[in-house]
Amino acid sequence: MSFWESFLSALSEGSIITLEMLALAIPVSMILGVVLAVARVYGKKPVSAIAAGIVGTFRGLPLIVTLLILFFALPKVGVYLTPFWAAVTGFILCSGAYQSEYVRGAIRSIDVGQSLAAQSLGMNRRKEVLHIILPQAFRRALPGVTNEIIYLILYSSLAYVVGVSEIFGVAKHFNSLNFRPMEIFSTAAVFYLLMATVAYAGFRRLESRLKIPGLDVGR
Amino acid sequence: MLGEFQTMIWEFFPYILGGIVWTFGLVGGGLGMGFAIGLPVAAGQAYGSRATNAILSAYVWFFRSIPLLVLLFLFYWGIFPALGYKLDPLACSIAVLGIRSGAYQSQIFRGAIESVGEGQLMAARTLGMSKTKGIYHIVLPQALRVSIPGWANEYAIMLKDSAITFALGVLEILTRTRYVVMATMDPFLPYFFAGGVFIVLTYGGTKIINLVYEKTKVPGLIRRA
Amino acid sequence: MTAPEIVLRVEDLHKSYGSNTVLAGVTFNVTKRETKIVCGPSGSGKSTLLRCLNLLTIPEKGSVWLEGIEVTDPSVDINKARQKIGFVFQDFNLFAHFTALRNVSAGLEIVKGVRKDEAKKIALEALQKVGLEEHAKKYPAELSGGQKQRVAIARALAMNPVIMFYDEPTSALDPQLIGEVLEVMKQLAREGMTSLVVTHEMGFAQSVGDEMLFMMEGRILERGTPTALITDSGNEVTREFFKSINKLYGRFEK
């Protein structure tokens, strides 16, 4: 097998790992983002304080440090995560915290009249938030949230530090065996470039699909 | 044992803290370079020709679509040597952080320039200012003030990205932390300590920047959310 | 002869914001099929009054009774009570992410648990009643102010309320759009819908109002038939108010 054949096939396998990590991390981080935002805006004192603490911590910690703590430090207290799961957990916590800021801002930007109208019809808080506030807030938060997801796609490369054989990990490994950095790392770059660009285009389309006249998708 | 803990605190923690100098070197150099690149790029995108815009947009797209880690390795092992530059890890990291930050900062400034509104430039030109003078004296000062919140965010991001340069061996906070972990075989305290340092630097820094923002706020100038 | 059934009973309602007293003891009843008008200068408390009645704003003191149930009692489920009140806001407050039709059916589906197709049918009927069935698929941003307010009325009607609250329903509308909303309100009043209307549309008040409450500084200063208050009040303050309204709006149409 030539260099390129083995390299590209290894990269493809690495891509699958990357995509697997993202397939888990992206949706769960979005859920976490909404949960944290709702907890901060509507939760009672202890709940909203805890949520604020989580958001503050994972926005203040570099993702790389979070990953290292999850994989290397946690075993000392008896929590053993595999490289894959340490990485995915780190992604979810970090990206979820960032996303929650966008969602929280969006929730607070919804006109109070929407809440009043919902309440005047007899909706309790749960129905008001679920049916009236969140659908609007999420649309407003979409540009910020999709931005964070693209960050996540790129920062997934950090998973190599905890031993995941994703795209960058594969490239680095190959480089140590056959020192051809220009070709190897440019190719890895192209893989990420493609993913980021496709995601970006996809999100733009999603935003125009969800567009409702008068409801600004992102202000 | 307590003895080990004391060693940790008195010997190793200061060593980790020493990395702050390097960290701020990276952050300062990266942000500074990013500013020097980003502002002209933003002006070029807002006021330049179609061709200029295309080239600049390509630059922005390129450096925002590739992970920092990949860029660091690509430039350190590949591009800089190929161009004949012998850069040490620190210089190379600053350069890569800077070029990359320029792409991100340009979008902050571009949004700010657009929010200032063309009325301002039109007024400047009716007074007889050339386009360049108008942009430089009227639009940019306003745009810069409006950009401060977004820029504070960029500082926070740069601070965290600086940790990634551990991959090139730059002796900043994280690299030193990893050495300590290897030396003491304790992954718990050092990483948590480093985490705490980063959190303090992140929030302390953004607080200071926001203070500056409050002091220089212009009443009536629309604030970008 | 049977005494008219009291739908809404308000007793000694008080509301302050800090040192600012907005409602200083308001007491009145609304009987079935009655159209009660509330008017007064800005700051008189009329705007806060309606919101206190369905507890969107919580009053400090006083009690409100809807069909015999004390709404202000904390142990009473306020959401059940709100379903029986049709609230129309000055700013419409249509749900921005729903079409006109969905706006009207939302309360039915989400609050009352009505099935989708049934809710849609009722919503369409409500829209027909306010004359907007062709705009059912439009979003609020695509509607004019008058249309938005009529959809808001339909949304309130669809819930089959026992009383309608109108909080200055035409104050946010361009003059030429006020008429279409008042027409709908008049129609409903004539059909016997119990209504409590905060407004300064004196033509409307005289046309379908049964009793008018003139509010001043958080109290009901005077009450009587609209015509009596507007044209022939014995109270100096009341007379001054309606003189200025008359000047402002010219001769109002009946």
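Author: Let us begin with the elements: a helix is a DSSP run of H or I of at least four residues, and a strand is a run of E of at least two. Please bear in mind that this is a predicted model.

Reader: How many helices and strands does the secondary structure of chain B come to?

Author: Chain B has 8 helices and 0 strands. Read from the N terminus, its elements run α-α-α-α-α-α-α-α.

Reader: What does the C-alpha trace of chain B span along its principal axes?

Author: The trace spans about 75 × 45 × 20 Å. Of the 225 residues in chain B, 40% are buried. As for contacts in chain B between residues at least 6 apart in sequence, 78% of them join residues at least 24 apart.

Reader: How should I read the packing of two helices, for example H5(B) and H6(B)?  At what angle do they pack?

Author: Helix H5 of chain B (residues 118–126) packs on helix H6 of chain B (residues 131–162) at an angle of about 140°, and their axes are 9 Å apart. H5(B) is therefore oblique to H6(B). Angles over 145 degrees would count as roughly antiparallel. The crossing of the two helices is right-handed.

Reader: Which residues of H5(B) and H6(B) meet?

Author: From H5(B) come B:Gln120, B:Leu121, B:Ala124 and B:Arg125. Their counterparts in H6(B) are B:Lys131, B:Gly134, B:Ile135, B:Ile138, B:Val139 and B:Gln142. By class, this contact consists of 5 nonpolar, 3 polar and 2 charged residues.

Reader: Let us turn to strands. In which sense, parallel or antiparallel, do S1(C) and S4(C) pair?

Author: Strand S1 of chain C (residues 6–17) pairs with strand S4 of chain C (residues 61–66) in the antiparallel sense, over 5 bridges. Within this pairing, C:Arg9 stands opposite C:Trp65 in S4(C).

Reader: How many bridges join S4(C) and S5(C)?

Author: S4(C) and strand S5 of chain C (residues 69–70) are paired over 2 bridges, in the antiparallel sense. Here C:Leu66 is opposite C:Ile69 in S5(C). The two strands form a hairpin with 2 residues between them, and C:Glu67 in the turn has a positive phi of about 50°.

Reader: I now come to the interfaces. What is the general idea of their size?

Author: The size of an interface is often given as the accessible area lost when the parts come together. Here, however, we shall count residues in contact.

Reader: Which chains share the most contacts?

Author: Of the 2 pairs of chains in contact, chains A and B share the most contacts. In that interface, 28 residues of chain A are in contact with 25 residues of chain B. On the side of chain A, the elements that give two or more residues are H2 (45–60), H3 (63–73), H6 (125–155) and H8 (181–209). H8(A) supplies the largest share, 10 residues. This side of chain A has 20 nonpolar, 6 polar and 2 charged residues.

Reader: How many residues does the contact take from chain A and from chain C?

Author: It takes 19 residues from chain A and 21 residues from chain C. Helix H5 (112–120) and H6 of chain A each give two or more residues to the side that touches chain C. H5(A) gives the most, with 6 residues. The residues on this side of chain A divide into 9 nonpolar, 9 polar and 1 charged.

Reader: How far apart are the nearest C-alpha atoms of chain B and chain C?

Author: They are 21 Å apart, and the two chains do not touch.

Key. Residues numbered from 1 in each chain as written. Chains lettered and ligands numbered in written order. Predicted model: local features only at pLDDT ≥ 70, side-chain atom pairs only at ≥ 80, totals over all residues. Pairing = 2+ DSSP bridges. Contact = placed C-beta atoms within 7 Å. Nonpolar A, V, L, I, M, F, W, Y, C, P; charged D, E, K, R; others polar. Axes fitted to C-alpha atoms, helices over the stretch in contact; angles between N-to-C directions. Parallel < 35°, antiparallel > 145°, perpendicular 65-115°, else oblique. Left-handed = near helix turned anticlockwise from the far one by under 90°. Buried ≥ 20, exposed ≤ 12 C-beta atoms within 10 Å, placed from the backbone.
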